[in-house]
Every structure is written in structure tokens, then in C-alpha cells.
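Dear colleague,

I am passing on to you the structure that I have been working through, and below it you will find my notes on what turned up. Please read them with the coordinates open beside you.

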Amino acid sequence: MFSYAQAFDRNIGWLTTVEQQKLRNTRVAIAGLGGVGGAYLMTLVRLGIGRFNLADFDTFEIQNFNRQAGASVATLGRSKIDVMKEMALAINPELQINAFPDGVNRGNMERFLEDVDLYIDGLDFFVLDERQRVFARCAERDIPAITVAPLGMGAAMLVFLPGKMTFEQYFRMGDKPEAEKAARFLVGLSPSMLQMGYLVDRSRVDFVGRRGPSTVIACDLCAGIAATEALKILLGRGRVVAAPWGIHFDAYKNKLRRTWRPQGNGHPLQRLLIGVVKRRYASGTAPKPAQ
């Protein structure tokens, strides 16, 4: 028979029993249950968080096998939200899960964010318009929001807290063309661009074609970093580094960078880097593979 206290007893020591119960009664919203989103859910479920709003409209494909927690031969063609819900309930059958199988959109956003204590961004990198809308609504509703990008074999995190710099103030996407939004999102997340030093085939990065390489290493790193920041926000302890500050850890290079862009993408260095990225990856002409 399932026992919440026994299932999560090994968390105690790093958490108090009171804090563990607080997590049990906390609701986290995750949009996107693919590479990072599925890893976020599994990590937070094992942390003992007891309530979720989950949104995803996609199904598992063989191209997901290299990084997505729910992707396997047994789940090919199945709804990501159904599979991930089953996996979560197999760990904690007492979970309260509100599922949004149409993904997050204008029509359901208010319900998706209802009674939410924290939003974590698991949307595909190129889902930029919807990402803007979700973060904007979080700011309006005073909901803390986290985005962590899986970059190469590392993770770059930005946190947006109520009353501080917003997603739009930082990234400055506005109504720009999609390829430019992608360049702004990448550069805003990763001012240090640590991952680019070991990218062996630049032709695999294509903003126009909406594709890029990925690794499970980065997704798992994102999950640990996002869950740690979530714990600090939800329990109100520990220092939370919020935008315009960011953190980028790259395991391949064994490097950690703390970034600060007080004007977000309006910073001169950011504007220069955005131009470079646009010329290299958003032109529609992919560079040749490295020899």
C-alpha cells in the first residue's frame, strides 16, 4: 500500500517534515512534456510535489528516444500527456493532476494557471509565441516562472519573479519574425554561449527549419537545476537568482557562468551576438558540416 511519508522519507534531512508537507500541497504547472518537460515532471514527483497542471498536445515518435523520459518502443504514437501522467501516478498514486491534452493556448490559459504556485517552461525551443503569452500571463498573475534551456551538454537558466524584470523586458521579442525571436531566445538564455565551442556540425542548427541537435545530458541537467530553483521558490528559502541574472553550467567544459544583462537583449553585447546568430543560423542557408 502506498504511503506518502514512506515514499519520500529519504528527502527528509535536506527538507523538514513540514517543508515536505508543503510541497505535497503545492501546484506546479508545466507546459510541454518532451525533453525537459518530462524530466521536470519525474524529478518534481520524486521530490514529493503533489499537484500538477500539465499541458501537451503531442505524441511520442522515434526521434524522441535520445532524450525524452516517456519515449520508448512501448509508447510510440501514444499521447505524451497520457504516458507521463501514468508514469507520475505510478510513483505517487495520490497525485492531483489537471491535464490539458490540447496544450496550453489562449482558450485554456486561465484554467492552466489557476491555483498555480509556480510555472516551469517545458515548451519546445521554437514554440515562441505561446511561450511569450504564458510568461506574460504569469507576470500579470504574480506567478514565479522558470525556463531552463538544454544547450549542448549543459543548461542555462533564467527565473522571472513577481515584481522583477519580466520575460518580455528581458528577451524583447515583441512581434518580430520567428527566426529572429529564436535568435533572441537563444542569446538571451545563453549570453556566454558555452555550448558553441564543441558543436561539431553547425548545419544541424536551423532556425528557419525549426530544428536543432539535443542530448539527454542537457535535459537531465535542466531537470536538476529547475527542480532545485523550484524548491527554493516554493519553500521560501535559499537565494533565488532572478533575471536579468542568469546561470549557465556546461558539463562538457566543466564551466559555470553567472551572467548579468541589465538591459536584457537590449544590452550592446546582446545586440551584437543576436546579429551574429541571425546571420549564422536564421538565414535559411545552413552552414556546411565541420570536417
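In which helix is the place of Gln20? Gln20 belongs to helix 2, which covers residues 17-24, and I begin there after one caution, namely that the model is a predicted one.

With a relative accessibility of 3%, Gln20 falls under the 20% limit and therefore counts as buried. Once residues up to four places away in sequence are set aside, Gln20 touches Tyr4, Phe8, Asn11, Ile12 and Leu15, and also Leu47 and Gly48.

Asn265 is the next residue that I looked at, and it sits in the loop that runs between strand 8 (255-260) and helix 10 (268-281). Asn265 has a relative accessibility of 1%, so it too counts as buried, the limit being 20%. Its side chain has a polar atom 2.9 Å from the backbone oxygen of Phe171, and it also makes a polar contact, at 3.1 Å, with the side chain of Gln270.

The side chain of Asp129 is joined to that of Lys181 by a polar contact of 2.5 Å, although the two residues are 52 positions apart in sequence, with their C-alpha atoms 8.9 Å from each other.

As for the chain as a whole, there are 10 helices and 8 strands. Its radius of gyration is 19 Å, close to the 19 Å that the globule rule gives for 291 residues, so the chain is as compact as a globular protein of that length. Along the principal axes, the C-alpha atoms fill a box of roughly 55 × 45 × 40 Å. Of the 291 residues, 51% are buried, and among contacts with a separation of 6 or more, 67% are between residues 24 or more positions apart.

The accessible surface comes to about 13700 Å², with 52% of it belonging to carbon and sulfur atoms. Finally, the chain carries 38 positive and 28 negative side chains, and the centres of these two sets are 8 Å apart.

With kind regards

Key:
Residues are numbered from 1 along each chain as its sequence is written. This is a predicted model: local features need pLDDT of at least 70, side-chain atom pairs count only at pLDDT 80 or more; totals for chains, interfaces and linings use all residues. Side-chain values use heavy atoms; hydrogens and water are left out. Helices (H or I, at least four residues) and strands (E, at least two) are DSSP runs, numbered from the N terminus. The radius of gyration is taken over C-alpha atoms; the globule rule is 2.2 Å times the number of residues to the power 0.38. Buried means under 20% relative accessible area, exposed over 50%, partly exposed in between (1.4 Å probe, protein chains only). Contact means heavy atoms within 4.5 Å. Accessible areas come from the Shrake-Rupley method with a 1.4 Å probe; for residues, only the protein chains shown count as cover. Lys and Arg count as positive and Asp and Glu as negative; His and the chain ends are not counted. The place of a charge is taken as NZ of Lys, CZ of Arg, CG of Asp or CD of Glu. A polar contact is a pair of N or O atoms within 3.5 Å; within protein, one must be able to donate a hydrogen and the other to accept it, and residues adjacent in sequence count only if both atoms are side-chain atoms.
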